[in-house]
Amino acid sequence: MAKLLISTCLLLQLISSYSLASNVNNLNVQNYGAKPDGMTDSSRPFLQAWGKACSSSKPVTIHVPARNFLITGITFSGPCKNTDIKFLIDGTIVAPSTYANLGKPNKWIVFDSVEGVSINGGTFKGRGKALWNCKSVKHHHCPDGAPTLMFTNSKNIAINSITSINSKLFHTVILGCDGVTLQDVNIIAPESSPNTDGIHVESSTGVTIFRANIKTGDDCISIGPGTSHLWIEGVNCGPGHGISIGSLGKKGQGLDVDGVRNVTVKTTVFAGAKNGFRIKTWGTKSRGYVKGVAFVNAIMKNVKNPIIIDQHYCLHDKGCPSKGSSSGIKISDVKYVGIHGTSASKVAVNLDCSSSNPCRQIGMRDIKLTYANGRSQANCKNAQGISLGHMVPPSCL
């Protein structure tokens, strides 16, 4: 009988210990005071759960239940003791309806200096309409807005199966990071929404974007200076401004601009987009490069500029370089392979390169881009390279 009692006590202790460990390793934000009404700011409870997870020596899951939670502005800061923190989001995280109520300027949900964080599931509603309306009126003094989700100075990050709707600014930003995977991401904003880039990658290496559906008012994916070893596959883009490298060389980036290299984009579909594959640089003296880029196996459906290099880029004709200036950004070793479909404009291939730094080692193979109202055309200016295989329009290289 005594042995039975001792065994029972030990069993209860084990169950109790397991329960405590389970509670420590699975944190529900509602247990920290988060209100699932979509109206009460839950930033502080989310931060309290983060603090617990960050200081743990064991893997932790932060759970956001299937309700609506308002976040006015939050930064999840590291470095953490823990390098295995999972956000399991069954619910929806909503931004303030008015841009004036955001927390810090240009910030909504930020992860800074973290490692081993994953975000799994969930919907992020940026509620950007009021800010877009402000920007649509000339001479209004509107803030830039804030990206929905931003990772800075972080590594080994995974973003899986999220949906981002109507961001005030960019939907997702990867800045100064190493080793990031975005998979099964859905991004939605009206075609008229300004500056709502789907995914922006800058000063980062080892980023993979795999299976994404992006409908937005700006670039589906924008690739900024200092990006290397970027892999993009299985992206549907449109409406939107395409997959763009740049812009590089604009005012504020300095005389020496970090280059972009080793970028692969494959198995993509563009539908009703303004651009397909675009490289854009300003006509300034800023020095930099774009090299080692491959655009492979794409379908274009009524895309205005399926293939374009624009080294005389100037946004909204504001602050443009003087007429006749040429870009100091050197573009080389760019390949276009297996790109088929329809162009919404007569010029389906437009390579407008710098007169002082011509594009070099441009390769094209198996291009078939037709135009409904006649024969499609290719235009090359200061571009050097080679074409192989069947080419529609006829190559200008």
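**Ground rules**

I'm working on a predicted model, where local features need pLDDT of at least 70 and side-chain atom pairs count only at pLDDT 80 or more, while totals for chains, interfaces and linings use all residues. Residues are numbered from 1 along each chain as its sequence is written, and side-chain values use heavy atoms, with hydrogens and water left out.

**Disulfides**

I went through the cysteines next. I take a disulfide as a pair of cysteine sulfur atoms within 2.5 Å. By that rule the structure holds five disulfides; I made notes on some of them.

Cys 54 is joined to Cys 80 by a disulfide, S to S 2.0 Å. I read -105 degrees about the S-S bond for this link, which is left-handed. Cys 54 sits in helix α2 and Cys 80 in the loop between β5 and β6, so the pair ties together parts that are 26 residues apart in sequence. For element names I go by DSSP runs numbered from the N terminus: helices are H or I with at least four residues, strands are E with at least two. Cys 80 is buried too, at a relative accessible area of 18%.

Then I checked Cys 134 and Cys 142, which form a disulfide with their sulfur atoms 1.9 Å apart. The link is left-handed, with -95 degrees about the S-S bond. Cys 134 counts as buried at 8% relative accessibility, whereas Cys 142 counts as partly exposed at 22%.

Cys 220 and Cys 237 form a disulfide as well, sulfur atoms 2.1 Å apart. I get 80 degrees about the S-S bond here, and the link is right-handed. Cys 220 is in the loop between β17 (205-215) and β18 (221-223), and Cys 237 is in strand β19 (residues 228-237), so this pair ties together parts 17 residues apart in sequence. Cys 220 has a relative accessible area of 0% and is buried; Cys 237 counts as buried at 2%.

Cys 177 is in no disulfide, and the nearest cysteine sulfur, that of Cys 80, is 14 Å away. Cys 177 is buried, with a relative accessible area of 3%.

**Gly 51**

I went back to helix α2 (residues 43-54), where Gly 51 lies. Gly 51 is partly exposed at 35% relative accessible area. From Gly 51 to Ser 77 I count 26 residues in sequence and 9.0 Å in space, C-alpha to C-alpha.

**Cavity**

How many cavities of 30 Å³ or more does a search of the whole structure find? It finds one. A cavity here is a set of points, on a 1 Å grid over the protein atoms alone, where a 1.4 Å probe fits but cannot get out, and lining residues have an atom within 4 Å of a point. The largest cavity has a volume of about 90 Å³. Its lining includes Phe 46, Ile 74, Phe 87, Ile 109 and Leu 149. The elements giving two or more residues to this lining are β5 (74-77), β6 (85-89) and β8 (109-112).

How values were computed
Buried means under 20% relative accessible area, exposed over 50%, partly exposed in between (1.4 Å probe, protein chains only). On a 1 Å grid over the protein atoms alone, a cavity is a set of points where a 1.4 Å probe fits but cannot get out, and a pocket is an open set with protein on both sides within 12 Å along at least five of seven lines; lining residues have an atom within 4 Å of a point. Grid points are joined across faces, edges and corners, and a volume is the space filled by probe spheres set on the points.
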